[in-house]
Amino acid sequence: MYVIGITGGVGSGKSYAAHRLQKKLGATLLIADELGHVVMEPGRSAYCQIVEHFGQNIVSSDGSLDRAALAEIVFSDARARDWLNQVIHPAVIEYIRDTIRQNRTRSGILLIETALMYETGCDSLCDEVWLVYVPEEERIRRLASDRGYSEQKSKSIIQSQISETLLREKVQRIVPNDGTKEDLERALDALLTTLDTTALGKG
């Protein structure tokens, strides 16, 4: 199993790129944001820690976390948000690590998509990391068009993330995504031709 990390800042299109790669490669795709929900399911260690910390007021009648109630707490309290992240991020990394461990001897590709590739240490689980790159001005334009974000909100989110200048120095491959979706797919196809055939499970 060959592990490729897919990262990029908000508005970069990394999720779209990851899904296109999944389809092209027949790969397994793990999306860190989705795994964040998985590790908070009842019975998992993160769930227990969160309920113990915040109390039963964030538990729904069916025993699951009331995400709206939890969100209301952490969005208004930076310390609570930091504490929650310190619980969820390691749990997600451990989930990914277990998945890799269980599948390492199999052929094929495992894709890991996350915006926090280096902040969480997820890069250490990857054989290589790809950056989906879009200039900041274009990202701000797309966030306004696709999500209705104000320029101030977009800039605030971008500034809170690791700079793409630093990301470009860390990653093994860069996927330009400042054009059309067709341009992105051509860029992905070009990069795929540079992968060793054994990494693709064909060698």
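Asn 177 lies in the loop between strand 5 (173–176) and helix 9, where helices (H or I, at least four residues) and strands (E, at least two) are DSSP runs numbered from the N terminus. The model is predicted, and local features need pLDDT of at least 70, side-chain atom pairs count only at pLDDT 80 or more, and totals for chains, interfaces and linings use all residues. Residues are numbered from 1 along each chain as its sequence is written, and side-chain values use heavy atoms, with hydrogens and water left out.

At 6% relative accessibility, Asn 177 counts as buried, a term that means under 20% relative accessible area, with exposed meaning over 50% and partly exposed in between (1.4 Å probe, protein chains only). When residues up to four places away in sequence are not counted, Asn 177 touches Ser 12, Gly 13, Val 132, Tyr 133, Val 134, Arg 142 and Leu 184, contact being defined as heavy atoms within 4.5 Å.

Leu 184 leads on to helix 9, as it is among the residues of that helix that meet helix 1. Helix 1 (residues 14–25) and helix 9 (residues 181–192) pack at an angle of about 50 degrees, with their axes 11 Å apart; the axes are lines fitted to C-alpha atoms, for helices over the stretch in contact, and angles run from 0 to 180 degrees between N-to-C directions. That angle makes helix 1 oblique to helix 9, since angles under 35 degrees count as roughly parallel, over 145 as roughly antiparallel, 65 to 115 as roughly perpendicular and the rest as oblique. On the side of helix 1, Tyr 16, Ala 17, Arg 20, Leu 21, Lys 24 and Leu 25 take part, and they meet Lys 181, Leu 184, Glu 185, Leu 188, Asp 189 and Leu 192 in helix 9. The residues of this contact divide into 7 nonpolar, no polar and 5 charged, where Ala, Val, Leu, Ile, Met, Phe, Trp, Tyr, Cys and Pro count as nonpolar, Asp, Glu, Lys and Arg as charged, and the others, Gly among them, as polar.

Two valines can be followed in turn. Val 129, found in strand 4 (residues 128–133), is buried, with a relative accessible area of 2%. Val 129 and Glu 113 are 16 residues apart in sequence and 9.7 Å apart in space, C-alpha to C-alpha. Beyond four places in sequence, the contacts of Val 129 include Gly 5, Thr 7, Met 117 and Val 171. Val 51, in helix 3 (residues 45–54), is also buried, with a relative accessible area of 13%, and its contacts, leaving aside neighbours within four places in sequence, are Gln 56, Ile 58, Val 59 and Leu 65. Val 51 and Leu 65 are 14 residues apart in sequence and 8.1 Å apart in space, C-alpha to C-alpha.

The cysteines remain. A search of the whole structure finds 0 disulfides, a disulfide being a pair of cysteine sulfur atoms within 2.5 Å. Cys 122 is in no disulfide, and the nearest cysteine sulfur, that of Cys 126, is 5.0 Å away. At 2% relative accessibility, Cys 122 counts as buried, whereas Cys 48, at 43%, counts as partly exposed.
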